[in-house]
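Visitor: Could you take me through this structure and tell me, for each term you use, what grounds it rests on?
Guide: Gladly; here is the structure itself.

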Amino acid sequence: MAEAEETVPAGEVLVVRGVRKTYEAEDVPVRALRGADLTMARGEFAAVMGPSGCGKSTLLNLIAGLDQADDGEITIDGELVTGRTEDELARLRRRHIGIVFQFFNLLEGMSALENVVLPAVVAGTPRKRAEPRARDLLDLLGVGDKAKAAPGTLSGGQRQRLAIARALANEPTLLLADEPTGALDSEGGHEVMELFRRLHQGGQTILLVTHDDEVATVASRIVRMRDGRVLTGTPAAATADSAVPAG
Amino acid sequence: MAWWSGPGSAVGSLARADLRRRGRAVMAGGALIGLAAGIGMACIAGARRTDSLFPRHLAATRASDVEIDPGNLDPAADRAIRTLPNVVAASEWVVVEALPMQGGRPVDTLRTALPFTTDGRFLGPDLVSLAGGRRLDPTRPGEVMVNALYARIAHLHLGSRQQVGVFAATDNGAPLGKATRVETVTVVGIMALNDDVISEQLDRVPRIFVSPALMKGAPKSAFGFSWYGLRLAHGDADVDQVVTRWKQLAADHNRTLPKDQGGWLTFVHRTADQERTVSRAIRPLVTSLGAFGVLALVAAVVLAAQGMGRAVRQGADDTSIAQVLGLTSGEATLVGLAVPVATVVTAGLVAVGVAVGLSSRFPAGPYRILEPAPGVQVDALVLAAGLAALILLPVAVAAVVALRLARAGTAGQRDGARRPSRLVAWVARSGARPPLVASLRLTVEPGRGRAYVPTRSVLISSIVTVTFLITTIVFGSNLRALANEPARFGWTADGALLSDGGYGQFDPKVTTPWLNARTDIDGWLLVGADRTSLDGRQTAGVVYGPSRGRGAGMLPVIISGRAPRATGEIVAGAATLKSLHAHVGDAVTLGSGAGARRVRVTGTAVLPALGPVFAVRTRPDDGVWVMPGDRAAFDTLGSYGPPWNVVLLGFTPTSDLAVLNRDADKGPFLAPGTDADVYGVIRPSEVSTAASAGRGQNALIATLLGVAVLGLMLTLVAVVRRRRHDFAIYRTLGFTPGQLRLTVVGQGLLFAVAASVLGLPLGMVLGRQLWRLFAQRLGVVPAPTVAWPPLGLALVGVVLAGLLGALLPSLLAGRSAFAEAQRARGDVRS
Ligand SMILES: Nc1ncnc2c1ncn2[C@@H]1O[C@H](COP(=O)(O)OP(=O)(O)OP(=O)(O)O)[C@@H](O)[C@H]1O
Ligand SMILES: [Mg+2]
């Protein structure tokens, strides 16, 4: 990826440049992103905040390759995300992305452990290695005793922790989370945020969308958005602990 | 990294998880689809087996190609027949004067039993089929075989014993003198003769075959009429040559005899003709069985295709999560196909099991007893074709849906704007009651992922079901009309008078006064029926003579053109004309030899089946209506048959067949030693078969309604369960449990009404069209009728089915718990 290497300074894990996205809804175009720019260094923990409808989820989806940008460029670890086919994006996600949703999106037919093993196996980790690591992750996230349980039998907080474990299974370059505490009570929210804090300490790069100021305090940096644009896209000075990545 | 250890293994575990989670649905869906498909395949295979039954029976019994009846047993005739050209094998049957006895006297009630014997060769070239037991041993005088009718009348079964007496001669069944030999015989076999199953009801005769050993040493006068079955070197191709030669031999022989001596007869029965007759008789059954089978198989395939598309959509949430986790669209498609493939493979296994299991119930109908290889049969062609349709089509549909969903990629995991239905919005604005609006919304908005309910496809299958239902009813009421209105199969008279088993004559000078004197006959028409030919093709000819009262109207039913008015004009059956490639208005040659003449076809008609008259038989669509002036074109045979050999009769409300029969046996028109028969309407066997096939109709209607109720119920249960979140919201919006129930019942009614509105006209058009085709093939009057009462009843049934199908789901809806629905929201994005 020669051109990407030219434009991306070393150590920058995510570069979003001039990204635009317009949705056609009910015959009226909705400009969800109007030229968003964002750069993240390795080991950063950024919290995206902004009013409802300003394009936070859209930005996250574009970074994850779940949707295609109309214009602009996104690179992750020097690899171009924009302009790829669905299958190329899928392979890119295997290597670089872990996602946590507000509503968990767990696979109901599988045990908690299987849910966590799956992304690692998809990414090419032999099952023999993927399983112990999945157990470690479940232990780390405090749901080690639920390995055999069906996701449907867990509480909301437990489900979200399981979802985070799954997002970490493929040792992603970038962990994305869209309002991960949105569906949880305050206690569950606290638990989950504590987890993110510890992951960040371990060196995991995290991009998280939230409405909650308290949640945002855990982050090393706050990214504000409004009307489809990023207002503050440069790293805050406070990031002292950009240590070695977790994986 | 090897694909199978990485993403491939993930595909495997996702597929297994999907199968585990939906295993019950796979089994239940597979079993249901497989059952329907299996019944369909069984019926198609059964139709094929029934259709091929008679040819197989002929082959298995090593049947002869032609039968020649030379008259009474005569050694010279016997020699002549056996030396005819190309004869490979010959067997003969002879009537013998052997009568069943009880307490040393002949049994009068069995007067109609015709004891036969042979030289033993019916155990050779012409094998008699057995419905039970074994063939008799021609060397043992104590063994007999009887047909089922004889067994029933005489209360016999396998192993029963009976006395049989051999007489020197009988007069029409009444023995002359004392028995020359009395033997106690044992029934060793129940035989199935072709006549027992394929002929008109009047041809079915109780029969007993005695052993040639019983007749050893009996006087010549104990042997009567004989029949010869000939197997020829080149089969049917040799028949014409053999018959021509036999007619020549008979004519040469008869010239040497004094004038009043009968001589050798030239009655000929061609096996190929019999095969055609049988195939006509069996056709309605084969057609309806095949049609039902195809219908069931198509329904199963459509159900499967629809269900598999639905299964993929229901799994779409999981596959798109898997895509978020890094599966490519191809891999996601594979995951999506696991459940459909497992379901149709299950269905295929069940279908093969059901089809093979049911195969022992075929061939269907009374013909069954002729089956040379009864029991389980594997029709590889039908099974292979059925399985291919059942598996390939639904999997193809599932693959297309899965690929499309996978290509749409991860969109399933984003919040997409769902466009609400304009119809629902309009109804809501118009101020309809909330439960109705909710019903409508649940009916037309299919939902997504696990909340996906295939309401639209259920709506379509409901319409299809109602269409088939109405089609069945329209077709069935026409079938009933055919059975109840004899004019539809050409019978415009109430009955017929025949003498000497159809071989006698009626002299108008003595017959008409007798008819006119009777108060229980209010009309009559003299008819002459005989063999003739059109452009060289043999057929039955009918001439209509003097009449009185209603009799003048007892003519064939014209379906195109007009009736003949003058000598030189004829009307023919539709099939007769078709086989000659002739049309109304064409000139054809009537008769052969000296009497042949050119005549013009003025129309086609449905002709009444005139029983076995003089060894000929008119059929609804086969035969020719000839003016008296052209009678010379008939093949008349001495003192037999025409000019008048049938009297069509009109009955009064007080007429009694038994009285008429008794009086006719003393009629002045009878030749000495003969008797008369008065019949009611004579139904061609294809019409009887059609009527009996029609009796299966109620089962078909019940099945269709049952399937409709079940399909609706499953759908509504799915609606209630998959949309429990919607229901919970309705509840928070103030719906009472009663209103929730009403919502579901309303949905059931919406399905029923929508299906009726479209299914009724579609079904009527389809039913009438189908009937027209069927009637044309059967050769009866094709004009379709519409019976409204059963249609109205069916629609009421459809609405009731809608309510019934909604009952259980509505109870579930009333109970839908809010907490459970909220919990479900964690896994279902709605
Ligand atoms: N699939 C879609 N089709 C049409 N419009 C969409 C779609 N997804 C998002 N939008 C619109 O794009 C804009 C940005 O949406 P987005 O979901 O990114 O907002 P958000 O910042 O995440 O809001 P919230 O905080 O409420 O989640 C909104 O106006 C939304 O209505
Ligand atoms: Mg959002």
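Guide: A patch is made of residues with over 30% relative accessible area and no salt bridge, in which like charges are joined within 9 Å and nonpolar side chains (Val, Leu, Ile, Met, Phe, Trp, Tyr) within 5 Å. A salt bridge, in turn, is a side-chain nitrogen of Lys or Arg within 4 Å of a carboxyl oxygen of Asp or Glu. This is a predicted model, in which local features need pLDDT of at least 70 and side-chain atom pairs count only at pLDDT 80 or more, while totals for chains, interfaces and linings use all residues. Residues are numbered from 1 along each chain as its sequence is written, chains are lettered from A and ligands numbered from 1 in the order in which they are written, and side-chain values use heavy atoms, with hydrogens and water left out.

Visitor: What makes Leu32(B), Leu303(B), Leu710(B) and Leu714(B) a nonpolar patch?
Guide: Leu is among the nonpolar side chains that the definition joins within 5 Å, and these four leucines, Leu32(B), Leu303(B), Leu710(B) and Leu714(B), form such a patch on the surface, with about 320 Å² of accessible area together. Accessible areas come from the Shrake-Rupley method with a 1.4 Å probe, and for residues only the protein chains shown count as cover. Leu714(B) has its place in helix H19 (residues 697-722) of chain B, where helices (H or I, at least four residues) and strands (E, at least two) are DSSP runs numbered from the N terminus.

Visitor: Why is Glu179(A) called buried?
Guide: Buried means under 20% relative accessible area, exposed over 50%, and partly exposed in between (1.4 Å probe, protein chains only); Glu179(A) has a relative accessible area of 17% and is therefore buried. Glu179(A) lies in the loop between strand S7 (174-178) and helix H7 (186-201) of chain A, and has a positive phi of about 45 degrees although it is not a glycine.

Visitor: How many of the residues of each chain count as buried?
Guide: In chain A, 54% of the 247 residues count as buried, and in chain B the figure is 52% of 830 residues.

Visitor: What is the omega of the bond called cis between Phe362(B) and Pro363(B)?
Guide: The peptide bond joining Phe362(B) and Pro363(B) is cis, with an omega of about 0 degrees, and Pro363(B) is placed in the loop between helix H10 (329-358) and helix H11 (380-407) of chain B.
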